[in-house]
Amino acid sequence: MAAGRVTGAGARPGQVRGVRFVVAPSRMRWLSVRHRLHLLLGRSFAYLMLLNISFVFLFPVLYLLVTSAQTVEDFVDPTVYWIPTKIQWDNYVLAFKGLFYPQALLNSTVVSGLSAVGQVLSASLAGYGFARGRFPGRDVLFMLAMLTFLIPPQTIIVPLFMLYKTLGWIDTYAPFIVPSFFAHGLRGALFIFVFRQFFRGQPWELEEAARIDGAGALRTYLQIMLPLARPAVLVVFLFSLVWHWNDFFEPSVYLYNQARFTLPLRLNIFYTGLQIVTGAQAGELYNEPLLMAASLLVIIGPLLIYLVAQRYFVQSIERTGLVE
Amino acid sequence: MSAQRRRRLLRLSLSQQRAVEGLIFISPWIAGFTAFALWPLLRSFLLSFQKLEQLVGFKTSWAGMDNFREAFLIDARFVPMFLDVVRNTLIDIPAVLVFSLFTALMVNLKLRGDGFFRAVFFLPVVIGSGAVVQQLQNQEVGRLSIVRSIEGFGTFLVTYLGPAPAMAVLDLLNRLALVLWGTGVQVLLFLAGLQSISPMLYEAARVDGATDWEMFWKITLPMLSPIILVVTIYTLVDSFTSVFNPILMYVRDTAFSGQFRMGYAAAMGWIYFAFVFILMVIVFKAAERHVFYAGERSQS
């Protein structure tokens, strides 16, 4: 938006640094027309850019939606692009069966739901401790916490695997859920950071008042600070849920029994199976509609939650004080 | 009351008691850190100098620097793959930074329907972190929208830029849609940052006759610099730990399929981690001189 100098103080009568000045009315009208034109051009440009960018973001989703209901004939037909000649609901039925959907959905819900609850509880505790606790070595410990964010999971996957094997956690959900309750798990450090920033932004007076009234540390935290942290709780819960839901790497290492597979693991089997059946080379799969229907079924859960929670979610991120 | 009595029993001063309370709050994290980060990290460091002899019972033998030597000198796949990942990341990060800042500036104009745009920009975070995106990527959805829609664009570039630069540009454009797809968090970070800049600064500049262009360079950018650092670090970490990262897939396959070469996988993991860490330090050092922190930051 290039409104330029004309939008400055010169367009309106006013007082700048004690010097009063008045702009002649005729000149003022001229300036305001130019001003509006600038504004209009700026806004149109912004709208154009935003719509363009939105398209890039929406395109894969639209593609997913449209393709998932196409027949294979429509898909390979170059004259059919967006509008299918016939809607193929069978794709969903087949994908539903192929993914062992009810069971995989339940597995995914259990794993990501429990992990998200664990991360909210433990990360908020740790975040509060780092924000308000005063103990020697706090900053060093916080640096270490942030450092864990940098460790690619693959660097420590082998020892973790050995640890879980000793504990008898392989092929159970414990490797996802237990670390979550200890402020670790998928991107746990990021969640500690979110809570720490949030609590740092809250006024000290609130806590002092509670303390003077005789509340202990835990009670102050539970009754005063945690209820205030609702935006941060929402953000962390949704991020954690979605990331655990979509996680492929860790489940693929720790789970063996197919009855325990989460949706992304099922999708992977489904994909490999389809490739074998159709005899296609990698990346040359012709029954893509079926695959897209399966992909849609995998993400539909988080997608629905996001669509419902989206308004609060985006506002919450801005209020978590993620930015210092 | 009970807190007072407890303190008297333990004979702690108020500040000591506060310290203990703080430690109690982070004790779950300390336990988790020891078990799920520190110990595995040390163990994997040790493992990178070892060779797995037998999977059952996990018998290892000392291998010295063999694993590291193999990664750099013998393995024909590791080094090129590594360089490729580094190159792609270094190209992607500026693209992500510029794009997400630009988008945030646009959304911040308070246009009608900004709620819709924010929802759209965040959509990829919901869908975009796993197997589904990998499927979309396999189907080359990311490439459809930009390069294919402009007929003859590739040949045009080759003609006017020469083959090598043209390839670089095309390569970036090819990945652009997918790169942009990963910018939801960054756009929101920038948006929050933009909204925390005091409007008074702009008013003052306007009174002094500054143009919007000047205001962007002299106010918006310096005020945003701490967030630019946060976004850079986030993007760096995100791309280096993403599931699409070929190195990480290679490490996993080396460790868990076929011969279970866990010692070698650990060594590669450590080389990789060391590199990411060094890069991070460089970014911080470079940022030190350029990041501008407005005012005093509250001490807590």
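A residue is called buried under 20% relative accessible area, exposed over 50%, and partly exposed in between, with a 1.4 Å probe and protein chains only. The model is predicted, so that local features need pLDDT of at least 70 and side-chain atom pairs count only at pLDDT 80 or more, while totals for chains, interfaces and linings use all residues. Side-chain values use heavy atoms, with hydrogens and water left out, residues are numbered from 1 along each chain as its sequence is written, and chains are lettered from A and ligands numbered from 1 in the order in which they are written.

Over all chains, 10 salt bridges are found, each defined as a side-chain nitrogen of Lys or Arg within 4 Å of a carboxyl oxygen of Asp or Glu. Helices are DSSP runs (H or I, at least four residues), numbered from the N terminus.

Within chain B, B:Asp84 pairs with B:Arg87 in a salt bridge whose closest N and O atoms are 3.8 Å apart. The two residues lie 3 apart in helix H4 (residues 78–107), a separation of about one helical turn. Both are partly exposed: B:Asp84 has a relative accessible area of 38%, and B:Arg87 has 40%.

A salt bridge also joins A:Arg187 and B:Asp238, with 2.7 Å between the closest N and O atoms. This pair crosses between chains, from the loop between helix H7 (174–180) and helix H8 (188–200) of chain A to helix H12 (residues 212–240) of chain B. A:Arg187 is partly exposed, at 23% relative accessible area.

In the salt bridge of B:Glu21 with A:Arg211, the closest N and O atoms are 2.8 Å apart. Here the partners are in helix H2 (residues 14–47) of chain B and helix H9 (residues 204–212) of chain A, respectively. B:Glu21 is buried, with a relative accessible area of 15%. A network of salt bridges links A:Arg211, B:Arg18 and B:Glu21.
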